[in-house]
Amino acid sequence: MANPAWRLAQRSCPSHLQVVSFPVVQLHMNRTAMRASQKDFENAVNQVKLLKKDPGNEVKLKLYALYKQATEGPCDMPKPGVFDLINKAKWDAWNTLGTLPKETARQNYVDLVSSLSSSLESSSQVEPGTDRKSTAYETLMVTSEDGITKITLNRPAKKNAINIEMYHEIMRALKAASKDDSSITVLTGNGDYYSSGNDLTNFTDIPPGGVEEKAKNSAILLREFVGCFIDFPKPLIAMVNGPAVGISVTILGLFDAVYASDRATFHTPFSHLGQSPEGCSSYTFLKIMGPAKATEMLVFGKKLTAGEACAQGLVTEVFPDSTFQKEVWTRLKAFAKLPPNAMRISKEVIRNREKEKLHAVNAEECSVLQERWLSDECMNAVVNFLSRKSNL
Ligand SMILES: CCCCC/C=C/CC(=O)SCCNC(=O)CCNC(=O)[C@H](O)C(C)(C)COP(=O)(O)OP(=O)(O)OC[C@H]1O[C@@H](n2cnc3c(N)ncnc32)[C@H](O)[C@@H]1OP(=O)(O)O
């Protein structure tokens with residue numbers, strides 16, 4: 001959407017907000033629909049009218065394009081002339097959606113409005129720098145302000161262990177963040193831990209199909225979860241506020257920057273747990289730190305200090321815990337002011353070369369883990385933890 005013509009329109013036409021504005025979307029409201037998803041869509045169209053804060057021109061263009069695609073299908077209008085700046089920006093936005101199916105456009109529109117409603121609502125009501133738990137999530141706090149969507153793991157009493165609900169909520173929050181109007185996304189933890197990794201009680205809820213079915217379902221969930229990090233389109237930054245264990249460490253290799261408090265530690269005790277690496281770490285860690293150091297972490301379970309993790313390239317920079325929040329947020333706010341499309345495209349250029357490989361590694365790691373979870377070594381480790389014979 002970094003359309004120079006649109007930028008020019010913004011400067012030369014002070015009334016642009018009316019031109020690409022809610023009424024444009026409302027204009028087409030009289031088409032009623034029969035299907036449930038169409039009802040959601042209509043609700044979303046109505047919700048747009050109720051937004052208290054202007055979502056900005058880029059978001060409005062996205063809404064316009066998705067609306068047109070959802071109601072009329074691919075753009076078949078003649079391209080407006082080069083001097084018809086506003087209509088050309090709208091045409092461009094619609095035309096970029098190509099042959100996106102109407103149903104997908106409808107769904108994307110609904111998702112965008114939903115992320116918009118929560119982010120605009122939170123940014124308008126929350127004091128700067130203050131978190132407010134979004135009612136949409138049980139295990140996370142998600143806020144959006146100053147161009148930054150912040151996803152906070154919020155099970156501090158369980159050291160932010162990732163239970164099944166949290167896996168799903170993180171995926172949902174990432175999908176919403178990928179479409180909202182923020183420039184960058186931050187993941188952090190509430191309390192003294194960043195995250196203690198997979199919630200080991202996830203393994204205790206056995207379905208009627210038995211442990212094999214459990215292992216299969218877990219592998220499917222894990223693959224989808226890691227896939228969201230591989231495909232996340234905006235700069236994704238981890239603020240590692242404290243110790244990190246297991247999968248919360250391995251997926252750091254898929255982040256674009258990792259800032260750590262000097263209280264943080266990085267621990268992947270897979271062998272201790274009878275498991276094997278995930279989160280694409282069997283590939284990313286080798287690239288980041290070389291095979292010898294990666295093996296120490298992933299095979300022998302060596303726990304790294306923040307300083308060591310930084311020296312090995314897993315962490316971008318370490319800050320004293322006392323100034324961690326202040327220093328990192330100052331930096332993130334400056335990043336968020338950079339042109340968002342340029343950041344997104346630069347990330348795309350960097351990531352695209354690796355994407356296919358990363359998805360293949362993810363699939364392989366999940367398939368190996370599916371077997372590992374059925375092993376005696378793994379089952380014993382989980383039982384030991386649950387009966388408190390082991391604290392890593
Ligand atoms: C869909 C499936 C995908 C699977 C993907 C696979 C991923 C692999 C991994 O992530 S492997 C890593 C798994 N994590 C662990 O093995 C860590 C286990 N936890 C600990 O060793 C310790 O809790 C600790 C070192 C993190 C913290 O120890 P401390 O003594 O400071 O605190 P407590 O042990 O008393 O913990 C407080 C309460 O939190 C519960 N808890 C902490 N971590 C986990 C966890 N990972 N799973 C489940 N529960 C956890 C702990 O049980 C305490 O609860 P309680 O107060 O109710 O007793």
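**View 1. Three strands form an open sheet of mixed pairing, in the order S5-S7-S8.** In this predicted model, the edge positions of that sheet are held by strand S5 (244-245) and strand S8 (304-305), each of which pairs on one side only. Strand S7, covering residues 265-267, is joined to S8 by two bridges, and S7 and S8 run antiparallel. Within this pairing, Phe 266 stands opposite Leu 304 in S8. Phe 266 also belongs to the largest nonpolar core, where Phe 266 is one of the residues that touch the most other members.

**View 2. Strands S1 and S2 form a hairpin with two residues between them.** Strand S1 (residues 140-145) and S2 run antiparallel and are joined by six bridges; along the pair, Met 141 stands opposite Thr 152 in S2. In the turn of the hairpin, Asp 146 has a positive phi of about 55°. Strand S2 itself, residues 148-153, is mostly covered, with six of its six residues buried. In a regular strand the side chains alternate between the two faces of the sheet. In S2, Ile 148, Lys 150 and Thr 152 point one way, whereas Thr 149, Ile 151 and Leu 153 point the other way, and all of these residues are buried.

**View 3. Strand S2 also pairs with strand S3 (residues 184-189), and S2 and S3 run parallel.** Strands of a sheet pair through backbone hydrogen bonds, either parallel or antiparallel. Six bridges join S2 to S3, and the bridge partner of Ile 151 in S3 is Leu 187. Between S2 and S3 the chain crosses through helix H8 (residues 164-179), and this β-α-β crossover is right-handed. The loop between S2 and H8 contains Asn 160, whose phi is near 55°, a positive value in a residue other than glycine. Asn 160 counts as buried because its relative accessible area is 0%.

**View 4. Strand S4 (residues 236-240) is mostly covered, five of its five residues being buried.** Both faces of S4 are covered, with Leu 236, Ala 238 and Val 240 buried on one side and Ile 237 and Met 239 buried on the other. Four bridges join S3 to S4, and S3 and S4 run parallel; in this pairing, Thr 188 stands opposite Met 239 in S4. The chain passes from S3 through H9 to S4 in a β-α-β crossover that is right-handed. S4 is also joined by four bridges to strand S6 (residues 257-261), again with the strands running parallel, and here Val 240 stands opposite Ala 260 in S6.

**View 5. The largest nonpolar core has 60 residues.** Phe 229, Val 240, Phe 255 and Phe 266 are the residues of this core that touch the most other members. Helix H9 (residues 210-231) gives the most to the core, contributing nine residues. A second, separate core has 16 residues, among them Leu 63, Ala 105, Tyr 109 and Val 110.

**View 6. The ligand is surrounded by 26 residues.** The closest of these are Lys 158, Ser 196, Asn 198, Leu 200 and Arg 388. An N or O atom in the side chain of Lys 158 is 2.6 Å from an oxygen atom of the ligand. A polar side-chain atom of Ser 196 lies 2.8 Å from a nitrogen atom of the ligand, while Leu 200 takes part through its backbone, a polar atom of which is 2.8 Å from a nitrogen atom of the ligand. Taken alone, the ligand exposes 1100 Å², and the protein buries 80% of that area.

**View 7. Cys 280 has a positive phi of about 70°, although Cys 280 is not a glycine.** Cys 280 is placed in the loop between S7 and helix H11 (281-298). With a relative accessible area of 0%, Cys 280 is therefore classed as buried.

**View 8. Ser 387 lies in the segment after helix H15 (376-386).** A polar atom of the side chain of Ser 387 lies 2.8 Å from the backbone oxygen of Val 383.

How values were computed: Residues are numbered from 1 along each chain as its sequence is written. Side-chain values use heavy atoms; hydrogens and water are left out. Buried means under 20% relative accessible area, exposed over 50%, partly exposed in between (1.4 Å probe, protein chains only). Two strands pair if DSSP finds at least two bridges between them. A crossover is right-handed if, with the strands pointing away from the viewer, the path from the first strand over the helix to the second runs clockwise. A nonpolar core is a set of buried Ala, Val, Leu, Ile, Met, Phe, Trp, Tyr and Cys residues joined through side-chain atoms within 4.5 Å. A residue is near a molecule or strand if one of its heavy atoms lies within 4 Å of it. A polar contact is a pair of N or O atoms within 3.5 Å; within protein, one must be able to donate a hydrogen and the other to accept it, and residues adjacent in sequence count only if both atoms are side-chain atoms. Accessible areas come from the Shrake-Rupley method with a 1.4 Å probe; for residues, only the protein chains shown count as cover.
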